[in-house]
Amino acid sequence: MRYIKLFVICFLTIGATAQDNEWTLQQCIDYALENNLTIKRSELNVKNADVNLKQAQFNRLPNLNANGSYAFSWGRSIDPTTNLFVDNQRIASSNASANSSVTLFNGLNLTNSVKQNKYAYLSTEKSFEDAKNDVILNVVTFYTNVLFTRELYENAIKQLESTTQQVELTEKRVEAGALPKANLLDLLAQKATNELNKVNRENDYNNARINLKQSLQLPPEQSIDIVLPDLELEISPVLDVTALEVYNIALNGQPDVQAAQLNTQSAEYGLKASEGAMFPTLSLNGGLSTQFSDASQVPTQFENAVFSDPDITGGVNAQLFNTITFDPGTGIQTVNIPARSASGFETISFSDQYNDNLRKFISLNLQIPIFNRFFARNNVQRAEITRSQAVITEKETKYLLWQTIEQAYNNVEAAAKSYESSQRQVDAREESFRVIKQRYELGAVNFVDYQVAENDLFQAKSDLLRAKYDYIFRLKILDFYQGKPLDF
C-alpha cells in the first residue's frame, strides 16, 4: 500500500510566499497533476472505459443498415426484375435495401454487460485517483528531501562559520604567543574538513532539487527552488485512536481499495454475462428492398394490329396476344403481349420500378445454442477465474492497507520518542561544546577534545533533522488515513 498524499498534505497549507522561481509544495503538486504523463495516460484509461460503457448501453438499441448498388452488364444476362434472359443487350440495374434488428432476449447478457462495464468504469476512475496519489507522493518525497538536504547544507555552513571564527581567534593567540602553532594547524585541517563537508552537503542539496525538477517533468531550461517553511513540532506521544479505528476509516477513503472492490463487482457481472451466452437468443428483424433495371420495358406499338371480336379482346387481333384472361365479376381483361409482336418499347421509369418492386418483411428469430465446441462454457470458466482473481486482489489490497496503517501507527510512536531523544541529545551536545570551547580558548583542553565536541554537535543536529522529518512523515501518514486536515 502506498503512502498516498501523506506528506501532501503535510505542507499543503504552508503560507510562505514564493519568490520568482521558488515553489511551494502546493505549486509543485498542482503542476505535477496538470502535466504528469502518467496521470494523462491514466486519464485516457478512464475515457476508454467510458466508451466501453456507452457501447454496452448502445448494444441494447436496434441496429439499422442500408445498402445500395448500381451496375452494368453486357451479353447474355438476366433481367433482375423479371429473371428472364436478355441477349446482346447492355443492362443497367440498381438495388436498394434497408434492414434492422433488435435483441429481445439473450439470457440477460446485454444487461449484465452494461453493469460489468459500469463497475469497470468506476474502478478506472478510482485508479485514476490512485495514480494522482502516487504522483503526489512522488513529488512530496522529493520536495521533502530538498527541505532535508537544505537544512543539512545550512547546518554545514554554520559549522564552517564556527570553525572559521575559531581559526581567526587562534591566529591572534598564536601571534601573541599564547598558543602553540600546532593548534592553528589542527584548526586549519578541521576547517578544510568542514569545507569539504559543506561542498558535499551543497551537492546533495543540488541533486535533491534536480530530482524534484525531474519528478515534475519541468522543461530542461527551467530551474527550480523551493520555499522553506517554518515547521514547529509539538510532540504528542499518546495517540487518541487505535490502529484498528484508523484502518476502518481508511477502508472507505482509499481509492485503491475502492478500485479493487469495484473490480470484484465488475467481474461478478462479467460472469453473469458469460452465462447468458448459454441461453437462447430471441431477436426481431425487419427490412425492405427494391430494384430497377432498364431492361424492364413495355410495348407501345404493335405490328399487324387488327381489331376483331371487341367483346372479348377489345377489338385487338387475338393472334398478337400470348394470353388473355377475363374476370366476369369486374369486367377487367388482362392481356400479356409477346415482345415479337411489338414494334415500339418504353422503359419503365426509375421511380415506378422502385415503387412496384418494393418488398417489406418482418420476422422473429430464435437461436438456440446446442453445441458450439464448448466456446460458451469455456468463457464462463474464464469469467469465474477472473472473478476469483478480483476477489483475491481485493483481499490483498485491504490486507496491505492494514499492514501499512499498523506499521505507520507504531512508527509514529517510535518517531516521537526518537525526536525527543535527538532533541535532548542536541541540547546536551550544545552545552558540552560551549564548555569545551571556552576551555579550549583558555588553553585548558587540547584541540582533539575540541574537534570531537564540535563533530558530535554537528552529528547530533543532523540526527535531529532526520528525526524531525521522519516524525512529520509518519504523523501525516496516520492523519491522512484518518481523513484529518493536514495543515499546521
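Me: How far apart are the end C-alpha atoms of H2, and what should its residues span?

Reply: This is a predicted model. In it, the end C-alpha atoms of H2 are 32 Å apart, and 22 residues at 1.5 Å a residue should span 32 Å, so the two agree.

Me: Which residues of H2 are buried?

Reply: Ile39, Ser42, Val46, Ala49, Leu53 and Ala56. Looking down the helix axis, they fall within an arc of 90 degrees, so they line one face of H2.

Me: And what covers them?

Reply: H1 and H3 are among the elements that cover the buried residues of H2.

Me: OK, which residues are exposed on the other side of H2?

Reply: Leu37, Arg41, Leu44 and Val51 are exposed there.

Me: What caps the N-terminal end of H2?

Reply: Asn36 does, with a side-chain oxygen 2.9 Å from the backbone nitrogen of Thr38.

Me: Switching to the largest nonpolar core: which residues touch the most other members?

Reply: Cys28, Val139, Tyr143, Leu212, Leu216 and Ile224, out of 32 residues in that core. The elements giving two or more residues to this core are H1, H2, H3, H4 and H10. H3 gives the largest share, 13 residues.

Me: What is Val139 in contact with, leaving aside neighbours within four places in sequence?

Reply: Val139 is in contact with Cys28, Ile29, Ala32, Leu212, Ser215 and Leu216.

Me: Which residues does the second, separate core include?

Reply: That core has 17 residues, including Leu251, Ile405, Ala408 and Phe480.

Terms used
Residues are numbered from 1 along each chain as its sequence is written. This is a predicted model: local features need pLDDT of at least 70, side-chain atom pairs count only at pLDDT 80 or more; totals for chains, interfaces and linings use all residues. Side-chain values use heavy atoms; hydrogens and water are left out. A nonpolar core is a set of buried Ala, Val, Leu, Ile, Met, Phe, Trp, Tyr and Cys residues joined through side-chain atoms within 4.5 Å. Buried means under 20% relative accessible area, exposed over 50%, partly exposed in between (1.4 Å probe, protein chains only). Helices (H or I, at least four residues) and strands (E, at least two) are DSSP runs, numbered from the N terminus. Contact means heavy atoms within 4.5 Å. The expected span of a helix is 1.5 Å times one less than its number of residues. The arc is that of the directions from the helix axis to the C-beta atoms. A polar contact is a pair of N or O atoms within 3.5 Å; within protein, one must be able to donate a hydrogen and the other to accept it, and residues adjacent in sequence count only if both atoms are side-chain atoms.
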